[in-house]
Amino acid sequence: QVQVLESGGGLVQAGGSLRLSCAASGGTFSRHAVAWFRQAPGKEREIVAAIDRSGDNRYYVGSVKGRFTISRDNAETTVDLQMSSLKPEDTAVYYCATKRTNTYNRYYTQQGDYDYWGQGTQVTVSS
């Protein structure tokens, strides 16, 4: 059973930066595609960024393009989300999700694609 744990959330002023980290245990992490989702109060959960097994192919939702970067280190079994130029509308609980897949170079953007989820980490951006 894969266990997923997020860390790095917190409170930051608008324009600031945060780095979220997703660690996975209990499985071969390099066999998993990974994504970050977020859910703001009163809103549905949405995809933020996704990365394939190779780390070479990435997806970003339009609202974070140019500000967020997803990356992975399969040796360290972590996937990070570097968030810069943060805005109050980025305030949400951020979730890491993983999907075991035999496909090396494909990312996934739908919540239903993912098998394992973390508990979430709160990111609050003050204006």
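1. Let's start with Arg67, which is placed in the loop between β6 and β7. (Strands here are DSSP runs of E of at least two residues, and helices are runs of H or I of at least four, numbered from the N terminus.) Arg67 counts as buried, because its relative accessibility is 11%; buried means under 20% relative accessible area, exposed over 50%, and partly exposed in between, with a 1.4 Å probe and protein chains only. The side chain of Arg67 reaches the backbone oxygen of Ser85 at 2.9 Å.

2. A word on what you are looking at: this is a predicted model, in which local features need pLDDT of at least 70, side-chain atom pairs count only at pLDDT 80 or more, and totals for chains, interfaces and linings use all residues. Residues are numbered from 1 along each chain as its sequence is written, and side-chain values use heavy atoms, with hydrogens and water left out.

3. Ser85 deserves a look of its own. Its place is the loop between β8 (78-83) and β9 (92-100), where Ser85 is partly exposed at a relative accessible area of 41%. The phi of Ser85 is near 50°, a positive value in a residue other than glycine. For context, most residues other than glycine have a negative phi.

4. Now to the open sheet: 4 strands make it up, in the order β1-β3-β8-β7, with antiparallel pairing. β1 (3-7) and β7 (68-73) stand at the edges with a single partner strand each, so one side of each has no neighbour in the sheet. From one strand to the next, the twist averages 15°; axes are lines fitted to C-alpha atoms (for helices over the stretch in contact), and angles run from 0 to 180 degrees between N-to-C directions.

5. Within that sheet, β1 and β3 (residues 18-25) run antiparallel and are joined by 5 bridges. Two strands pair if DSSP finds at least two bridges between them. Ser7 stands opposite Ser21 in β3.

6. Of its 6 residues, 5 are buried, so β5 is largely enclosed by the rest of the structure. With β4 (residues 32-39), β5 pairs in the antiparallel sense over 5 bridges, and Ala49 in β5 is the bridge partner of Trp36. These two strands, β4 and β5, form a hairpin with 6 residues between them, and Gly42 in the turn has a positive phi of about 75°.

7. β5 also pairs with β6, antiparallel over 3 bridges, and here Ala49 has Tyr60 in β6 as its bridge partner. The β5-β6 hairpin has 6 residues between its strands, with Gly55 in the turn at a positive phi of about 85°. Ser54 lies in the loop between β5 (46-51) and β6 (58-60) and is buried, at a relative accessible area of 18%. The Ser54 side chain makes a polar contact with the side chain of Asp52 (2.9 Å). A polar contact is a pair of N or O atoms within 3.5 Å; within protein, one must be able to donate a hydrogen and the other to accept it, and residues adjacent in sequence count only if both atoms are side-chain atoms.
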